[in-house]
Amino acid sequence: RQNAINAVTNYTPTVKPLNFAETTPTEVFGANVFNDAVMKSMLPKDVYKSLMKTKKSGEKLDPAVAGPVAAAMKEWAISKGATHYTHVFYPLTGLTAEKHDGFLSPDGEGGAIAELEAKLLIQGEPDASSFPSGGLRATFEARGYTAWDVTNPAYILENPNGTFLCIPTAFVSWKGHALDKKTPLLRANQALNKAGQRFLKLFGDDSGDMVVSNAGPEQEYFLVDRNFFFARPDLMVCGRTLFGAKPAKGQELDDHYFGAIPRRVLAFMMEVERELYKLGVPVKTRHNEVAPGQFEIAPVYEQSNLATDHNQMVMTTLKSVAKKYGMACLLHEKPFAGINGSGKHLNYSISSASQGSLYSPGATPAENMQFLAVTAATIRAVEKFAPLLRAVVASAGNDHRLGANEAPPAIISIFLGEELAEIFNQIELGDLKGCDAKGCLELGVDTLPALPMDSGDRNRTSPFAFTGNRFEFRAVGSNQSIAGAQVALNTIISESLDFVADEIEALTKKGTALNEATQKVIQEIMKKHGHVVFNGDGYADAWQVEAAKRGLANLKTTPEALPMITGEEVVKVFEKYSVLSKDELHARCEVYHEQYNQHIQTESLLVVKIAKTIILPAAIRYQGELAATAASIKAAGIEPRTTLLQQVTDMLRDLQDNIVALEGVIADTDDSSVEAEAAYKTTKTLPAMLAVREVADALEGIVADDLWPLPSYQEMLFIK
Ligand code: ADP
Ligand code: MG
């Protein structure tokens, strides 16, 4: 520990500062992306046009384009120094996976040529037996296929140790089952496009523009010096501290948030941004977060599929660049107990090219009517499928964060802001008073109230908050792929848009005017689902009570939440919109349970190991020192005070007892099913781990500092 502290204190940057004057960010942006401009310059005109049709209007890919595209891609990549290509995919682990193949092919005459065949662009066959499939792919049928995702651009990953071409792909089993995060997202996007266009048509939009969803994920993370990181097996293996007494100074002073960014961190951020610019990721915002050692990076929002790949790139880039600056980037949702955790605020909207965000109150009465209808459809979807939204952000890590007085509670509710909530309230009551206040938009329809232009107030405690032209889903964990949340949102909102369209059509067919029909449908929705709207303090205990009264689910742990993925209603809507089949949902549910169990299993084993081999010996050494001192005092003829020795001895006994108890719990595990095992882990293993930790942390408070082996919270969080 002392060596680590010395190394940190003597840190001198080894990286030369970046010179932004040499090449400006605008020159750098997208330099390593096989983007539309590059394709336009390199591809035959008809091939380019055909590809754009697939990209921009979702038309089926003409297989004939693969040949010319593969050739151009290879040429471009080699000119950038690439030697290999890889199909990049996103397995259910939530990580980014890549399998590298060389461009080099023997020419049969002792030489070699560089090539990328069309069929290798379109489809790859990674030996995928080790990726989780939840039983969809028996190990003997290990083959999974990666299929080229035409909608996202290929790119080059530049690396001093090797440069390669990355081709974004979806990952499916030989029977076509989705084994990844991307496939259902592409399917859900299709569903949303269809339902969205139908909906807009009802409100007079015949443009035929695609309806898409957008995401702007705000990524939170911690930075810790690598010397400390390697002195903490728990951080290295689990990404979070399993031990550690609360520091005297935590985040209480609020002196870090938005404060001056430490210089080493600033240099790191600049390089992260530059690397991401090259990959075409439009990162924009950076700042200190609430906890010491915590920061945030946010891009400008993009369409869901691209934003999702880009967020994966953000996570990998944060990790790899941190190393260069002698730090480790922690993406765990709760690396330090008692200190704010990290989430990923998913800013989410639905839009079309001509209308922009459908969550923007418009300038005309007709637009505002449509806005209210879309928002009502969203309220309905979120209420109806609240447990699903909780389930798609469930993980062992996120369980520590949700509901921990800093992150939204596990109860899914919607914040609308006072004005908008009032309007929906009035529609529900059928008592539309209108609004005369300044800053309100006139709807110009007698029966509809005016709309606030910007319901500007922010509520940080809500899991799903309206923020002017989008919703912000704040329950996503910092380590998670943002795909799952978007798959769920796009699917349930598609269903809700169709529901609203059906209801309105039924009324207009009977002769009701569109205005009146829409109002009526919104009124019905609010009566049935309006109780999901909550504008108060989500952190307050009173909300737990109130939410229960309203019948809102409060699924505190992953084992409670995960089974919601296979609930009857969920299966029905996912099958109806061809996003995930019943089998695929069950497989996912199984995989996520396994992941949870594996996480806690690893953590519990490490608690035992660290307690036995690091903490216990340190405390025993201290006990020995105290005993020897007491003995020599006594030998000198003075009666020693032995209170401290007694205290350490008692705590050592407790520590040993608790370790033995934890070992018993680990050995006894219930593995009759993944669900049973998960429940056991939550109710038995986690508390037993905590019991060991409590004594260990108390010992940290009394054992001599020079004997304490693990870097402390204070050191990890405050030394820059
Ligand atoms: P704040 O911290 O105030 O929420 P940030 O600037 O950190 O704001 O992040 C807001 C995120 O929301 C950005 O990624 C931004 O691009 C994104 N965003 C803005 N408008 C939309 C929209 N219509 N749809 C989706 N995301 C959006
Ligand atoms: Mg935000």
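Keep in mind throughout that the model is predicted.

**Stop 1: the domains**

Colour the protein by domain. Domain 1 covers 31–175, domain 2 covers 188–580 and domain 3 covers 594–718. Now show domains 2 and 3 together. Their C-alpha centres are 39 Å apart.

**Stop 2: where domain 2 meets domain 3**

Select the contacting residues. On the domain 2 side there are 23, and they touch 27 residues of domain 3. Which elements of domain 2 each supply at least two residues to this side? They are α9 (233–238) and α19 (558–561). Select α9 next, as this helix gives the largest share, 4 residues. Then colour the domain 2 side by class. You will find 15 nonpolar, 5 polar and 3 charged residues.

**Stop 3**

**Stop 4: helices α10 and α11**

Select 263–278 for α10 and 304–324 for α11. The two helices pack with axes 10 Å apart, at an angle of about 135°. An angle of that size makes α10 and α11 oblique to each other. Their crossing is right-handed. From α10, pick F268, E271, V272, E275 and L276. Facing them in α11 are M313, V314, T317, L318, V321 and A322. By class, this contact has 8 nonpolar residues, 2 charged and 1 polar.

**Stop 5: helices α12 and α17**

Select 365–384 for α12, then 514–529 for α17. Here the axes come within 10 Å and cross at roughly 25°. The angle is under 35 degrees, so α12 and α17 count as roughly parallel. The crossing is left-handed. On α12, show M369, L372, A373, A376, I379, R380, E383 and K384. On α17, show N515, T518, I522, I525, M526 and H529. The class count for this contact is 8 nonpolar, 3 polar and 3 charged.

**Stop 6: helices α21 and α23**

Finish with α21 (582–635) and α23 (674–700). How far apart are their axes, and at what angle do the helices pack? The axes are 10 Å apart and the angle is about 25°. That angle makes α21 roughly parallel to α23. The crossing of α21 and α23 is left-handed.

- On α21: E590, H593, E594, Y596, N597, I600, E603, S604, V607, A611, I615 and A619.
- On α23: V674, E675, E677, A678, K681, T685, L686, M689, V692, R693, A696 and L699.

Colour both sets by class. The contact has 13 nonpolar, 7 charged and 4 polar residues. Among the charged ones on α21 are E590, E594 and E603. On α23 the charged ones include K681 and R693.

Technical notes: Residues are numbered from 1 along each chain as its sequence is written. Chains are lettered from A and ligands numbered from 1 in the order in which they are written. This is a predicted model: local features need pLDDT of at least 70, side-chain atom pairs count only at pLDDT 80 or more; totals for chains, interfaces and linings use all residues. Axes are lines fitted to C-alpha atoms, for helices over the stretch in contact, and angles run from 0 to 180 degrees between N-to-C directions. Angles under 35 degrees count as roughly parallel, over 145 as roughly antiparallel, 65 to 115 as roughly perpendicular and the rest as oblique. A crossing is left-handed if the near helix is turned anticlockwise from the far one by less than a right angle, and right-handed if clockwise. Two residues are in contact if their C-beta atoms, placed from the backbone, lie within 7 Å. Domain bounds come from an automatic or database domain assignment.
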